[in-house]
Amino acid sequence: MVVKVYISGMSGNKEVKKRQQRVTLILDSKSVTYDLLDIAEPNMEEAKEYMQTHSKLMGCTISDPNPRHPLPPQIFNDDEYCGDYDAFDMANEVDEMDQFLKLAPSITSNAEVKLGNGDVQNEDKSKEPSPEKEGNELNGPEAQENGEEEAPKEKSATPQNEKSPSPQKEKSPSPQKEKSPSPAVADGEDVKTSRENNADEAETED
C-alpha cells in the first residue's frame, strides 16, 4: 500500500501551495513513503479526474470556500481515500497520522514498544521488594540476636559435656607384710628347747 498525494504545481492559489508544501514536509519528517502526483502536468488527466471523482472532501480555502471541484492536496492510500488538508492537519495535531493514512503499525515500532514496556516492567519489578527479601530483612536482626544468644550457650555447654581427664591415682606401694613364723614352727622350737633342758638336767644328776 502506497500513500499518494495529489497536488497542483500550476495552482494560482497561494493557500493551496502552502498546504501542499506543509503536507510533504510533515510526511518527510515522519519518514512516510509516498508518491507525489501533479495533476497540472499534461499527461496527468486521468489522475486529475480520479482525484476529483473520488475525493469526498472539497479542501475549501479562505479564498475559495465553495470550490466547484475538490482542491489539492488530497491524500489517498492506493485507491482508498484518506482526506484533504484539514483532515490531514487534524490527524497530525492529535498524533494519529498512521490511522489517517491507513498504515499498519510497523514491526519496528511494535518492537520498540515491547522493549519499552519490558524495561518499565523490569524496573518496577526491581523496585518492588520480593516477600522473601522482606522476610529476610525482618528476620535478619532477630536471627542475628538469636544466633548471638545461641552461640554463648553452645560455648558454655562445651565445658560441661567435655569430661576433664581424671587424674590418675598413684598407687602407693603396699607395705610388705612381715611374715610371722607359723605356730607349728614355734611349737617345734619350744619342744626342742624343752628336750635340751631335760637332757642337761639328766647329765647333771649323773
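Predicted model: local features only at pLDDT ≥ 70, side-chain atom pairs only at ≥ 80, totals over all residues.
Okay, so when I say helix here I mean a DSSP run of H or I with at least four residues, and a strand is an E run of at least two, both numbered from the N terminus. With that in hand, reading along the sequence gives β-α-β-α-β-β-α-α-α-α-α. That's seven helices and four strands in the protein.

Some overall numbers before we zoom in. The protein has 206 residues, and 22% of them count as buried. Its accessible surface comes to about 16500 Å², with 50% of that belonging to carbon and sulfur atoms. If you take contacts between residues at least 6 apart in sequence, 64% of them join residues at least 24 apart.

Now, the bit I want to talk about is a helix pair. For α1, residues 14–29, and α3, residues 85–93, the angle is about 35° and the axes are 11 Å apart. The crossing of α1 past α3 is left-handed.

So which residues of α1 and α3 meet? On the α1 side you have Arg-19, Arg-22, Val-23, Ile-26 and Leu-27, and on the α3 side Tyr-85, Asp-86, Phe-88, Asp-89, Asn-92 and Glu-93. Sorted by class, that contact has five nonpolar residues, five charged ones and one polar.

Let's stay on α3 for a moment. Its buried residues are Tyr-85, Phe-88, Ala-91 and Asn-92. Look down the axis of α3 and those buried residues sit within an arc of 125°, so they line one face of the helix. What do the buried residues of α3 pack against? They pack against α1, the strands β3 (74–77) and β4 (80–84), and α4 (97–100).

Last stop, back over in helix α1, is Arg-19. Is Arg-19 buried or exposed? The cut-off for buried is under 20% relative accessible area, and Arg-19 comes in at 10% relative accessibility, so Arg-19 counts as buried. Ignoring neighbours within four places in sequence, Arg-19 is in contact with Tyr-85 and Asp-86, and also with Gly-59, Cys-60, Thr-61 and Pro-73.

Notes:
Residues numbered from 1 in each chain as written. Heavy atoms only, no water. Axes fitted to C-alpha atoms, helices over the stretch in contact; angles between N-to-C directions. Left-handed = near helix turned anticlockwise from the far one by under 90°. Contact = heavy atoms within 4.5 Å. Nonpolar A, V, L, I, M, F, W, Y, C, P; charged D, E, K, R; others polar. Buried < 20%, exposed > 50% of the residue type's maximum accessible area, 1.4 Å probe, protein only. Areas by Shrake-Rupley, 256 points an atom, 1.4 Å probe, with all protein chains shown as cover. Arc of directions from axis to C-beta.
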